Amino acid sequence: MCRFIVYKGVEPIQLSHLVTRPRHSIINQAFESKLRLPSSRPMNADGFGIGWYDPLPPAHPQLAGLAPHLITSHAPPSPSHRKPGESSPSNAAEASDHAEQANILGQLDDAGEKAVRAELVRKREEEMELENERPCVFKSISPAWSNANLTRLAEKIRSPLVFAHVRASTMAGAPSEDNCHPWIFDRLMFMHNGEINQFHKIKRKLQQSLPEELFLYPTGYTDSEWAFMVFLSKLKDPHARSFSHVELRDAMMETIRFINKLSKEAGITGPSLLNYVVSDGETVVATRYISSRTSEASSLFFSSGTSFDEYQEGGLYRMTRADKRENVIMIASEPLTFERSDWMEVKTNTMLVITPKMNLLQIPIIDDFWVPPQDPASQHRSKDFAIEMGFGHGFASMDAGAVEVA
């Protein structure tokens with residue numbers, strides 16, 4: 001069972017207020033989760049990852065002063081110093097080329113120099129803007145609770161959009177940073193809590209469906225990273241500088257449909273747990289999903305308000321709602337606080353979308369596994385599968401946690 005949290009705010013937050021300081025921070029969830037049975041995968045010790053977007057606008061240094069050394073001098077090549085009677089090492093053709101080059105350079109006036117310099121500055125600023133749009137990721141295969149570098153970085157880094165993930169591997173093989181979440185592709189960032197059931201049965205067909213670039217891109221071997229590649233393949237242009245929230249929403253819907261299609265064709269009857277999250281730095285799309293009509297999906301919650309603050313020493317935090325504004329929205333596999341009024345449980349087979357303007361949308365994922373709210377069966381989904389797999393089961397065990405943090 002993995003755990004993740006997403007923060008999106010109008011103002012940047014210091015990462016420590018999400019990952020280290022709260023009494024039930026995601027680091028503490030890694031070894032003391034309240035939403036799973038103690039005997040079911042009790043620790044997330046297979047690595048962690050933190051991803052964030054730079055809150056600062058791209059810098060615009062005075063690059064013009066750096067450009068002149070890139071412009072060729074107007075002076076013609078110096079003549080070779082030769083002893084009287086010594087033949088020139090250059091032949092006539094070379095001499096002609098040098099003369100022509102000198103003539104062209106001599107015609108480059110001040111306006112031409114300024115144009116070249118301005119173009120160099122523009123390209124450098126564009127490169128800096130592109131780099132600023134891309135998220136930064138820090139990963140490690142060490143347990144999150146024992147990584148001193150994470151603690152130090154969390155006290156220094158501030159961001160308006162943060163992904164954090166602690167991993168409990170469901171696949172064979174030694175832990176690897178390549179298999180830790182989140183993953184990035186240009187300005188997109190992606191992570192997953194759950195697993196594709198019997199992924200090995202659909203892996204080859206899934207890979208064959210991808211364009212060459214996306215087939216060669218993964219460095220790990222998890223079902224989660226390959227699901228990210230499927231998501232990218234559903235976008236018109238995964239390298240785009242911007243995406244609408246509708247485009248990201250539709251690509252996520254298509255990703256789930258495609259995985260279900262491959263699973264059905266492979267004869268896989270067991271459910272897949274697909275709690276995905278993706279962002280481009282402006283929009284966030286998250287899903288709570290299971291390919292079953294009778295079972296609950298892995299746990300997922302959201303909280304929103306005007307600020308998320310520590311109200312008492314010892315890591316006790318709460319979401320403050322001073323007015324109707326939603327300056328902060330968080331999505332989490334497991335709440336960071338145990339105040340029920342802070343958190344809403346996401347319905348199974350529902351998508352959350354946080355728009356660039358901080359609107360929170362809840363959209364049903366309507367397919368073969370959708371059960372309408374008016375159907376009594378929607379109120380009686382079994383939690384047994386999620387509990388058995390160790391992926392959380394709603395508020396069921398939060399009373400014990402509430403006693404501890406009171």
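Tutor: Thr287 has Met351 in E14 as its bridge partner. This pair belongs to the antiparallel pairing of strand E8 (residues 284-288) with E14, which runs over 5 bridges. Two strands count as paired if DSSP finds at least two bridges between them. Strands (E, at least two residues) and helices (H or I, at least four residues) are DSSP runs, numbered from the N terminus.

The model is a predicted one, in which local features need pLDDT of at least 70 and side-chain atom pairs count only at pLDDT 80 or more, while totals for chains, interfaces and linings use all residues. Residues are numbered from 1 along each chain as its sequence is written, and side-chain values use heavy atoms, with hydrogens and water left out.

E8 and E14 are part of an open sheet of 6 strands in the order E5-E6-E7-E8-E14-E15, with antiparallel pairing. E5 and E15 stand at its edges with a single partner strand each, so one side of each has no neighbour in the sheet. From one strand to the next, the twist averages 20°. Strands of a sheet pair through backbone hydrogen bonds, either parallel or antiparallel.

Next to E8 in the order is E7. The two strands run antiparallel and are joined by 3 bridges; in one of the pairs, Val278 has Val285 in E8 as its bridge partner. E7 and E8 form a hairpin with 4 residues between the strands, where Gly281 takes a positive phi near 95°.

E7 is mostly covered, with 7 of its 7 residues buried. Buried means under 20% relative accessible area, exposed means over 50%, and partly exposed lies in between (1.4 Å probe, protein chains only). In a regular strand the side chains alternate between the two faces of the sheet. In E7, Leu273, Asn275, Val277 and Ser279 point one way and Leu274, Tyr276 and Val278 the other way, and all of these are buried.

A helix lies against this part of the sheet. H8 lies across E5, E6 and E7 and runs at about 130° to E6; the axes are lines fitted to C-alpha atoms, for helices over the stretch in contact, and angles run from 0 to 180 degrees between N-to-C directions. H8 (residues 223-233) is mostly covered, as 10 of its 11 residues are buried. Among them are Trp226, Phe228, Met229 and Phe231. The buried residues of H8 pack against E5, E6 and E7 (273-279), and also against the helices H6 (203-208), H7 (212-216) and H9 (245-265). Contact means heavy atoms within 4.5 Å.

Asp186, in the loop between E5 and strand E6 (188-195), has a positive phi near 50° although it is not a glycine. Met358 is also a residue other than glycine with a positive phi, about 65°, and its place is the loop between strand E14 (350-354) and strand E15 (360-364). Met358 is buried, at 8% relative accessible area, whereas Asp186 is partly exposed, at 25%.

Asp186 also takes part in a salt bridge with Arg134 (3.9 Å, N to O). Arg134 lies in the loop between H4 and strand E3 (136-140) and Asp186 in the loop between E5 and E6, so the pair ties together parts that are 52 residues apart in sequence. Arg134 is partly exposed, at 31% relative accessibility. Together with Glu131, Arg134 and Asp186 are linked in a network of salt bridges. A salt bridge is a side-chain nitrogen of Lys or Arg within 4 Å of a carboxyl oxygen of Asp or Glu. By this rule the model has 14 salt bridges.
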